[in-house]
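Keep the sequence beside the view as you read.

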Amino acid sequence: MVGPMAHSRARHNPADGRPPVRRAAGTVAVLFLLIGLLGFVPGITSGASDLRFAGHGSGAYLFGVFQVSVLHNLVHLLFGVAGLALARTVGGARAFLVGGGAVYLVLWLYGLAVDHDTGANVLPVNDADDWLHLGLGVGMIALGVLTGRARP
């Protein structure tokens, strides 16, 4: 037997029937929430005692690599909440992925342009953040475009 009744004890999959773009947006949103929370956890964030509200002076590094601040973590949390809200519709999910990807490409350009050791670096970002922002931007746009297409 094939299909939803293939196994009489099979549990319902909550993703059944949800368009791929909504699943992708929801997954990305949950990841942003997780990263935003982990940015406050000592041990996962090295130098958590040096965490500052904003600016390049924050000495906290998520996974010991990505420079973070309270503002940086809050942006990730807000991005995650917005993503979950937008993932409720196909159009919203696509807008979150493509629009959010565009925002991350702008952040990548900001990271390339700003002097990392000045007050203009308010988020803060470092070279690892810059590369991550590029990957997130390209990946989110690709997910929005590729999963948002109508099936033939």
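V30 is found in helix α1. Helices here are DSSP runs of H or I with at least four residues, strands are runs of E with at least two, and both are numbered from the N terminus. At 46% relative accessibility, V30 counts as partly exposed. Buried means under 20% relative accessible area, exposed means over 50%, and partly exposed lies in between, with a 1.4 Å probe and protein chains only. V30 and L84 are 54 residues apart in sequence, yet their C-alpha atoms are 7.4 Å apart in space.

A word on the source. This is a predicted model, in which local features need pLDDT of at least 70 and side-chain atom pairs count only at pLDDT 80 or more, while totals for chains, interfaces and linings use all residues. Residues are numbered from 1 along each chain as its sequence is written, and side-chain values use heavy atoms, with hydrogens and water left out.

Now the whole chain. The protein chain has four helices and three strands. From the N terminus, the order is α-β-β-β-α-α-α. Of the 152 residues, 34% are buried. Contact means heavy atoms within 4.5 Å. Take the contacts between residues at least 6 apart in sequence: 61% of them join residues at least 24 apart. The accessible surface comes to about 8,700 Å², and carbon and sulfur atoms account for 69% of that. These areas come from the Shrake-Rupley method with a 1.4 Å probe; for residues, only the protein chains shown count as cover.

Back to α1. This helix has 19 residues and reaches 27 Å from its first C-alpha to its last, close to the 27 Å expected at 1.5 Å a residue. The expected span is 1.5 Å times one less than the number of residues. The buried residues of α1 include V21, A24, A25, F32 and L38. What do the buried residues of α1 pack against? Their partners are β1 (45-46), β2 (60-62), α2, α3 and α4.

Move on to the strands. F63 is found in the loop between β2 and β3. F63 is not a glycine, but has a positive phi of about 60°. At 46% relative accessibility, F63 counts as partly exposed.

Q67 sits in strand β3. At 6% relative accessibility, Q67 counts as buried. Its side chain reaches the backbone oxygen of S58 at 2.7 Å. That is a polar contact: a pair of N or O atoms within 3.5 Å, where within protein one must be able to donate a hydrogen and the other to accept it, and residues adjacent in sequence count only if both atoms are side-chain atoms. Leaving aside neighbours within four places in sequence, Q67 is in contact with several residues, among them H56, Y61, H72, N126 and D129.

Next comes α2, where N73 lies. At 0% relative accessibility, N73 counts as buried. Beyond residues up to four places away in sequence, N73 touches G36, G39, F40, L51 and V68.

A search of the whole structure finds four aromatic pairs. Rings of Phe, Tyr and Trp (its six-membered ring) pair if their centres lie within 6.5 Å; planes under 30 degrees apart count as stacked, over 60 as edge-to-face and the rest as tilted. F79 and F96 form a tilted pair, 5.4 Å centre to centre with 50° between the planes. This pair links distant parts of the chain, with F79 in helix α2 and F96 in helix α3, 17 residues apart. F79 counts as buried at 15% relative accessibility, and F96 counts as buried at 3%. Ring pairs link F32, F79, F96 and Y104 into a cluster.

End with α4. Helix α4 (residues 127-147) has 21 residues, which should span 30 Å at 1.5 Å a residue; its end C-alpha atoms are 30 Å apart, which agrees. Which residues of α4 are buried? They are D129, D130, H133, L134, G137, M140 and G144. Seen down the helix axis, these fall within an arc of 145°, so they line one face of α4. The arc is that of the directions from the helix axis to the C-beta atoms. On the other side of α4, D127, W131 and L146 are exposed. Cover for the buried residues of α4 includes α1 (20-38), β3 (66-68), α2 (70-86) and α3 (90-113). N126 caps the N-terminal end of α4, with a side-chain oxygen 3.2 Å from the backbone nitrogen of A128.
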